[in-house]
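These are my notebook entries on one model. I set down what I looked up, in the order in which I looked.

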Amino acid sequence: MSRRGADELFELLGNELAREILVRTSDDSRSASELAGRCDVSKPTVYRRLEELERHELVEKEARYDADGNHYAAYACRVEEMTFGVDGDGVTVELDRCSPVADDG
């Protein structure tokens, strides 16, 4: 990962909500509404963090369908492991990502 990418990732992971979203989506995908309720924050705040996490490919959006056939987005964590290193060139980050989730839609 580039130095700029590592810096952006460190900044994102420094946000408590971003980390909580990763934890809460690590075992099952969750909608923004579910995450807002579980994290006790507004949906717009959750959506902002989800957009950042998606941009760094740390979460993935998938389509879900309710009993009436309506669809909505759910988010799943794609990170299995993060490794941080320090050397003469600076701090490095390596991510071990899960395979993308197949879209049922």
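The entries below go from the core to the strands, then to single residues.

**Basis.** I worked from a predicted model, in which local features need pLDDT of at least 70, side-chain atom pairs count only at pLDDT 80 or more, and totals for chains, interfaces and linings use all residues. I number residues from 1 along each chain as its sequence is written, and side-chain values use heavy atoms, with hydrogens and water left out.

I take buried as under 20% relative accessible area, exposed as over 50% and partly exposed as in between, with a 1.4 Å probe and protein chains only. The core has 22 residues, and those touching the most other members are Ile21, Leu22, Val46, Leu50, Leu53 and Leu58. At least two core residues come from each of α1 (3-13), α2 (16-24), α3 (32-39), α4 (43-55), β3 (71-77) and β5 (90-97). These elements are DSSP runs numbered from the N terminus: helices are H or I with at least four residues, strands E with at least two.

I then listed the contacts (heavy atoms within 4.5 Å) of Ile21. Beyond its neighbours within four places in sequence, Ile21 touches Leu35, Val46, Arg49, Leu50 and Leu53.

**Helix α2.** Which residues of α2 are buried? I found Leu17, Ala18, Ile21 and Leu22. They lie on the same side of α2, because they cover an arc of only 140° around the axis, taken from the directions from the helix axis to the C-beta atoms. The face turned away from the buried side of α2 carries the exposed residues Glu16 and Val23. At the start of α2, I noted a side-chain oxygen of Asn15 within 3.0 Å of the backbone nitrogen of Leu17.

**Strands.** I count two strands as paired if DSSP finds at least two bridges between them. Three strands form an open sheet, antiparallel and in the order β1-β3-β2. β1 (30-31) and β2 (59-65) are the edge strands; each has a single partner strand, so one side of each lacks a neighbour in the sheet. β1 is joined to β3 by two bridges, and Arg30 has Tyr75 of β3 as its bridge partner.

I looked next at β4 (residues 79-87), which pairs with β5 in the antiparallel sense over eight bridges. The two strands form a hairpin with two residues between them. Val86 has Val91 of β5 as its bridge partner.

**Cysteines.** How many disulfides does a search of the whole structure find? I record zero, a disulfide being a pair of cysteine sulfur atoms within 2.5 Å. Cys39 counts as buried, because its relative accessibility is 10%. Cys77 is buried as well, at 13%.

**Loop between α4 and β2.** His56 is found in this loop and is buried, with a relative accessible area of 15%. Leaving aside neighbours within four places in sequence, I list Gly5, Glu8, Leu9, Leu12 and Arg97 as the contacts of His56. Glu57 lies in this loop too and is partly exposed, at 43% relative accessible area.

**Positive phi.** Most residues other than glycine have a negative phi. I noted that Glu57, although not a glycine, has a positive phi of about 55°. Asp40 is not a glycine either and has a positive phi of about 60°. I place Asp40 in the loop between α3 and α4, where Asp40 is exposed, with a relative accessible area of 70%.

Key. Core = buried A, V, L, I, M, F, W, Y, C linked by side-chain atoms within 4.5 Å. Polar contact = N/O pair within 3.5 Å; in protein donor to acceptor, adjacent residues only side chain to side chain.
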